[in-house]
Amino acid sequence: MLKSRRSEALVALVLVAPFVIIYGWLFIYPTIQMVNLSFTNAPLIGTGEGVGFDNYERLASDRVFKTAVWNTGYFVLLTVIPGTIVALAIALMVSRLRGYLQSMILAAFFLPFILPVTVVFLIWQWMTDVNFGILQYLLEPIVGEKVAVWRRAAWFLPMAALVTVWWTNGFSILLFLAGLRNISSEIYEAAELDGAGRWRQFVSITWPLIWPVTALCLTIQLILQLRIFDQVYLFSLGGRTNQTMVLVQYIYEQAFVHNRGGFGATVAVALFLIVVIVSVLQYQALRARGER
Amino acid sequence: MTVGATHHDHVSAGQSRAIRYLDIGGLTLTLITVVAAVIWAFPLYWAVVTTFKPEHEVIRPFIELWPQTFTLESYIHIIQNTRIVRWYVNSIITSLSITFLVVFIGATCGYAISQLRFPGRLLLWWMVLASFMVPIQALIINHFVIMANVRLVNTLIGIILPQLIAPVVVIVYKQFFDSIPRDFREAAMMDGANEFQLLFRIYLPMNWGVTTALAIITFIGAWNAFLWPFLITTTEPQMTVAVGITTVQDAFGVYYARLLAGAVMTGLPVAVVYLLFQRRVTQAIMLTAGVKG
């Protein structure tokens with residue numbers, strides 16, 4: 001018996017080894033190294049001297065870091081709640097349809113989600129091009145002139161948010177569709193017999209029953225959008241990045257452009273803490289809701 | 001009698017009015033849905049149709065929904081004048097390697113946590129769950145330092161390695177293996193099967209759908225990856241196609257037909273994979289979001 005238990009542990013060791021090695025080498029170790037690095041003035045590659053909490057003091061008074069935190073929060077605000085509302089609306093519309101029409105319409109809404117970010121970037125750069133972009137036909141009558149949307153600070157993040165919602169909404173749409181399918185049609189039939197109209201049915205049946213899915217979508221989107229980098233970086237190429245900076249982009253700029261590994265790691269620790277704190281808070285909130 | 005008949009008439013008139021009202025309302029909603037879908041997909045159409053126009057037609061100051069002269073010029077140009085073929089090969093190699101390794105590592109680890117008892121099992125499980133919270137983007141500096149130390153900057157292996165961290169795959173496999181009845185296991189043990197045979201001959205084949213779904217979503221994710229492949233490759237020949245097409249921009253300026261031809265070629269494989277395996281992709285997204293489908 002003892003022997004078989006030992007052999008079971010041995011087999012388990014072999015089976016978990018690939019994961020544990022990768023996880024230890026490329027996850028735990030870099031996480032610890034990130035914290036260590038944040039207490040030095042090291043360049044990206046090479047060693048530096050320990051500087052205690054200097055980097056953190058600098059971070060606290062760093063103007064661009066404050067902008068990056070603010071912009072990241074603003075971007076989250078612009079994408080998470082509007083994106084979830086749009087996704088729910090689309091899911092409600094798609095769920096009414098049947099058969100081929102439904103698959104085709106769903107594919108139209110979902111297809112952007114599976115594309116690489118650089119493809120999305122090129123498509124929207126073309127859509128919004130200041131001289132030849134088709135979107136200018138829409139903007140010119142409203143604003144009164146052609147708008148270089150990626151060169152104006154006030155336009156940048158809202159437009160990036162619009163593109164992001166267009167790109168990533170397929171994910172939430174699928175979750176909502178699955179949620180809507182789980183609501184029994186008998187409830188709607190009963191409501192219809194009682195003379196409840198579409199709006200009444202939505203408010204009294206769909207919305208309360210779909211709320212858990214809504215909470216899930218908001219949670220996933222929030223954690224995801226805090227890590228925003230790709231679109232914002234690509235659209236800001238060639239412009240003044242300091243005004244539209246987001247957190248991950250600041251890590252990249254400090255470490256890879258200005259060769260300040262130590263300070264970059266300090267920004268990374270800050271991002272790390274923000275994401276972990278938000279995750280824990282959210283988990284607690286969801287659990288409190290579940291226990292009630 | 002008369003009263004009853006009138007009452008009956010009332011109901012049917014009310015019903016037919018309700019049905020007519022529903023039809024008009026329903027039809028309007030369907031129409032709105034179709035229009036919204038067309039608007040939503042328009043940027044995709046517009047990008048694709050632009051690639052078939054000659055450059056001088058692209059920049060004409062009015063909207064042409066169909067090319068006047070249909071040409072493959074931009075595709076030929078981008079294949080001949082950039083390293084896109086090389087980038088394509090790099091993307092295929094890295095994406096397939098990542099897919100295979102992530103699924104293999106996830107399945108073996110998920111199986112061990114689900115079916116075997118060993119010291120440190122709970123600790124490992126909690127760490128897998130906790131790692132969900134960690135933003136992998138925060139580790140870019142240290143990943144780069146590690147790769148530089150082992151001289152893997154600008155190599156395909158360097159692109160692959162940090163992308164192998166996929167705790168969600170372990171979680172999904174663990175949950176599915178948990179739900180397989182112990183009878184299967186005991187019967188196979190009686191026949192003298194060892195743990196490896198159990199995993200590869202019984203547990204994995206029984207969850208073939210899950211494996212396919214996870215493999216497809218991992219492949220799409222690896223093909224689309226931007227931040228890490230962008231950081232670790234500084235020389236053109238080692239780039240993946242999703243990173244490479246952004247360098248084309250610098251070289252060409254604003255030749256949109258060529259740029260977009262590159263974009264279409266980059267997006268095509270994942271679009272085809274999605275259209276072929278729609279149901280599996282949907283299932284995979286549910287799985288990774290924690291909804292067991």
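**A walk through the chain A–chain B model**

Start with both chains showing: chain B and chain A bury about 8000 Å² between them, 81% of it on carbon and sulfur atoms (buried area being the accessible area, with a 1.4 Å probe, that two parts lose on being put together, summed over both). This is a predicted model, where local features need pLDDT of at least 70 and side-chain atom pairs count only at pLDDT 80 or more, while totals for chains, interfaces and linings use all residues. Residues are numbered from 1 along each chain as its sequence is written, chains are lettered from A and ligands numbered from 1 in the order written, and side-chain values use heavy atoms, leaving out hydrogens and water.

Now select B:Trp40, B:Ile141 and B:Tyr256: they supply 10% of the area that chain B buries against chain A, more than any other three residues. The contact takes 92 residues from chain B and 87 from chain A (contact: heavy atoms within 4.5 Å).

Next, pick helix H12 (residues 247-257) of chain A and helix H6 (residues 140-149) of chain B, which pack at about 35° with axes 10 Å apart. Helices here are DSSP runs (H or I, at least four residues), numbered from the N terminus; axes are lines fitted to C-alpha atoms over the stretch in contact, and angles run from 0 to 180 degrees between N-to-C directions. Show A:Ile251, A:Tyr252, A:Ala255 and A:Phe256 from H12(A), plus B:Ile140, B:Ile141 and B:Phe144 from H6(B), to see the residues making this contact.

Last stop: zoom to B:Arg258 and B:Glu55, whose side chains meet in a salt bridge (3.9 Å, N to O). B:Arg258 sits in helix H14 (residues 256-276) and B:Glu55 in helix H2 (residues 55-58) of chain B, 203 residues apart. Over all chains, the structure holds seven salt bridges.

How values were computed. Helix = DSSP H or I, 4+ residues; strand = E, 2+ residues; numbered from the N terminus. Salt bridge = Lys/Arg side-chain N within 4 Å of Asp/Glu carboxyl O.
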